[in-house]
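Could you walk me through the charged pairs in this protein, and then its nonpolar parts?

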Amino acid sequence: MPVLRWIRRNLVVLAGLLTLTYMILPNAVVMVFSFNKPNGRFNYAWQRFSLDAWKDPCGVADLCGSLSLSLRIAVWATAGATVLGTMIAFALVRYRFRARGAINSLIFLPMAMPEVVMAASLLTLFLNMGARLGFWTVLIAHIMFCLSFVVTAVKARVMSMDPRLEEAARDLYAGPVQTFVRVTLPIAAPGIAAGALLAFALSFDDFIITNFNAGSTVTFPMFVWGSAQRGTPVQINVIGTAMFVIAVAVVLAGQLIANRRKSNAGKQ
Amino acid sequence: MSVTEAPPARTTEPKIRKPSARKRLVPYWLLLPGILWLLVFFALPMVYQASTSVQTGSLEKGFQVTWHFQTYWDALTDYYPQFIRSLLYAGTATLLCLLLGYPLAYLIAFKAGRWRNLVLVLVIAPFFTSFLIRTLAWKTILADGGAVVDVLGTLHVLDVTSWLGWTENNRVLATPMAVVCGLTYNFLPFMILPLYTSLDRIDGRLHEAAGDLYATPATTFRTVTFPLSMPGVVSGTLLTFIPASGDYVNAELLGSTDTKMVGSVIQSQFLRVLDYPTAAALSFILMAVVLLVVTVYIRRSGTEDLV
């Protein structure tokens, strides 16, 4: 049986593609249902084609407000976590000092903890301090849990850097600031960018920690959560689709730039 | 990610110089803000939670520390079904992630060729779309009378799963199977990426050598590829199991009251019932169980240097 033999030889590829289909399927469904015109409040069954939701993505009360709030929180959380995390990563890779082990565990623990545990404990702190839950408590929480991920991403890059490049810069009479800005930072940039991108995605998408610490403030994931009970507007599918398309475009553009740089470097 | 980043092969040890007193303080200044943040907003809250868990009282009269350890015992006896369910669902989802994720990671590392970057993008891109929206999409996919349920019903798969207690009378939504399906789906990227990084590090010549020594592809996989990918397997299973065990989103959106996980209980005790001591005790038990499972697992798999 040649067909069976072909299947056996390509079993890994077939299984892998099946998994890929499983992973893409919900995105496809979200995309298709963004063109739906549902009959009732729930957008779960296909009725008929319509562009209404795409023409008016902000047509649902509070939807775009929650979206812009999530974006603002994600931008500030990314900035905070990237700066603090990059500093920690440099200290851990470039210097030998006491308490390195303890600090490494302190960085590792937030990633090894179920989110709900961190969320609940942070809430007890805020309740005890009498803090008002809202934008600031969410921002504080997001910087906290993004920090570890930034540290690991930047650390991986800084570890593989050749310190001789910086020595060369110093030998050529570059000052410490000049060395850092013109040599160290550009080499570490891909790691820092990866960490920042990860922080942005984690913060923008976080639900569990936000749910505990937001009070009555509604971020985009919280809006989606609430709408699951009340009935999901089609606009949510529109925004989900747009996010997917933008993410694919950004990642592909980044790879194109990286490829062009590589081939340019090859020519020289 | 995270635990995967074992030092790359070409690590160059930084030069150790005799630093001046001022220079010796540089690492501490670099660490100070970030570590302070983690101490105040990660470590200190744990202390507050510990104190909350041994308090008694009510929201109106206020809570006092009374070293009432009974709360832990009550929480365990009241909610042990949810605990067992959480570990069971998270464990099953992790196993499924490994079974589903390994072929795809293998495909990206060894077979994708010039399609590699595209497949990687397709693995990561869903991660950037809101996971709540994607989880809600599973409601459509698994809906009663939908294509998936029809096919499974015609193939008599649902008869078997109903008999096993995974589904209920010809429906998938609001059953354990739907919750595990959602968990598996949501945490797959966390399995695939570490697997891919560790498979990618394997020298292709080892496969050739195994083939030269008359190993069949299956033997090569069993004796060469899989053992070398163990760091990826370990960090992938941890990155899947830990968040899955505390998750309540999938259980709430795709399950029913019979599939509630411990995360749901903690959430409702904290935000709706406002019984803070019980919620804190539950959250501590969950943390202890997860840390215990993780420690035993890391010891058994012999990759302690990962952490």
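B:Lys260 is partly exposed at 29% relative accessibility, a label for values between buried (under 20%) and exposed (over 50%), with a 1.4 Å probe and protein chains only. Its side chain meets that of B:Glu252 in a salt bridge (3.0 Å, N to O), and B:Glu252 is partly exposed too, at 25%. A salt bridge here is a side-chain nitrogen of Lys or Arg within 4 Å of a carboxyl oxygen of Asp or Glu. This is a predicted model, so local features need pLDDT of at least 70 and side-chain atom pairs pLDDT 80 or more, while totals for chains, interfaces and linings use all residues. Residues are numbered from 1 along each chain as its sequence is written, chains are lettered from A and ligands numbered from 1 in the order written, and side-chain values use heavy atoms, without hydrogens or water.

Over all chains, the structure holds seven salt bridges. Another one joins B:Asp200 and B:Arg116 (3.3 Å, N to O). Because B:Asp200 sits in helix H8 (residues 176-200) of chain B and B:Arg116 in helix H4 (residues 116-124) of chain B, this pair ties together parts 84 residues apart in sequence. Helices are DSSP runs (H or I, at least four residues), numbered from the N terminus.

Now for the nonpolar side. The largest nonpolar core has 156 residues, and B:Leu104 is one of those touching the most other members. Such a core is a set of buried Ala, Val, Leu, Ile, Met, Phe, Trp, Tyr and Cys residues joined through side-chain atoms within 4.5 Å. Leaving aside residues up to four places away in sequence, B:Leu104 touches residues including A:Leu20, A:Met23 and B:Ile192, where contact means heavy atoms within 4.5 Å.

Key. Helices (H or I, at least four residues) and strands (E, at least two) are DSSP runs, numbered from the N terminus.
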